[in-house]
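Q: I would like to understand the model shown here. Could we go through it together?

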Amino acid sequence: MRRHGSLGSAPSVSLTSLPSMDWQGQKLAEQLMQILLLSFAVVAFTTGYFMASFQMMILTYFGGVVLTTLVTVPNWPFYNRHPLEWLDPSEVEKHPKPQPSANSTSKKKPVKK
């Protein structure tokens, strides 16, 4: 009998084993996406205007969207130049999270009448 939610003999892959894009890489991908899409919009409009073809404008922009997707969506190595250094679990126990002090939370502003 098979349990619900079980994948059987499928290999398990944890999210931590997959390479992930760092914060600077995400920012770079976002900037590249905006620059490329705007550039292709201008090129597509210009091409469509001078060729008097709406279809050519749409095809040119679609090609730009596909190229932009290929540049920004995959996790390319140049997006991972600043990897995060995570704290080891044994270090977390040595350095507990600071607790908020009771004095700072109990202060209230006086009510003006």
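Q: Let us begin with Tyr 49: is it buried or exposed?
A: Tyr 49 is exposed, because its relative accessible area is 58%, and exposed residues are those over 50%. Please note that this is a predicted model.

Q: How many aromatic pairs does the structure hold?
A: The structure holds 3 aromatic pairs. In one of them, the ring centres of Tyr 49 and Phe 50 are 5.4 Å apart and the planes stand at 80 degrees, so this pair is edge-to-face.

Q: Why is that pair edge-to-face?
A: The angle between the planes of Tyr 49 and Phe 50 is 80 degrees, and pairs with planes over 60 degrees apart count as edge-to-face.

Q: And what about Phe 50, buried or exposed?
A: Phe 50 is exposed, with a relative accessible area of 67%.

Q: Which residues do ring pairs link into a cluster?
A: The cluster consists of Phe 45, Tyr 49 and Phe 50.

Q: What kind of aromatic pair do Phe 78 and Tyr 79 form?
A: Phe 78 and Tyr 79 form a tilted pair, with 4.4 Å from centre to centre and 45 degrees between the planes.

Q: Are those two residues buried or exposed?
A: Phe 78 counts as partly exposed, at 33% relative accessibility. Tyr 79 is buried, with a relative accessible area of 0%.

Q: Stepping back, how many helices and strands are there?
A: The protein chain has 4 helices and 0 strands. Along the sequence, the pattern reads α-α-α-α.

Q: How much of the chain is buried?
A: Of the 113 residues in the protein chain, 11% are buried. The accessible surface of the chain is about 10,500 Å², and carbon and sulfur atoms account for 66% of that surface.

Q: What share of the contacts joins residues at least 24 apart?
A: Among contacts between residues at least 6 apart in sequence, the share is 68%.

Q: Where is Thr 68, then?
A: Thr 68 is in helix α2. Thr 68 is also buried, with a relative accessible area of 3%.

Q: Which residues does Thr 68 touch?
A: Leaving out residues up to four places away in sequence, Thr 68 touches Met 33, Leu 36, Leu 37 and Phe 40.

Q: What does the chain look like over residues 32–51, in helix and strand?
A: Over residues 32–51 the chain is 100% helix and 0% strand, and the C-alpha atoms at the ends are 28 Å apart.

Q: And over residues 58–79?
A: Residues 58–79 are 68% helix and 0% strand, with the end C-alpha atoms 30 Å apart.

Q: New topic: where is Ala 52?
A: Ala 52 lies in the loop between α1 (23–51) and α2. Ala 52 is exposed, at a relative accessible area of 71%.

Methods
Residues numbered from 1 in each chain as written. Predicted model: local features only at pLDDT ≥ 70, side-chain atom pairs only at ≥ 80, totals over all residues. Heavy atoms only, no water. Helix = DSSP H or I, 4+ residues; strand = E, 2+ residues; numbered from the N terminus. Phe/Tyr/Trp six-rings, centres within 6.5 Å; stacked < 30°, edge-to-face > 60°. Buried < 20%, exposed > 50% of the residue type's maximum accessible area, 1.4 Å probe, protein only. Contact = heavy atoms within 4.5 Å. Areas by Shrake-Rupley, 256 points an atom, 1.4 Å probe, with all protein chains shown as cover.
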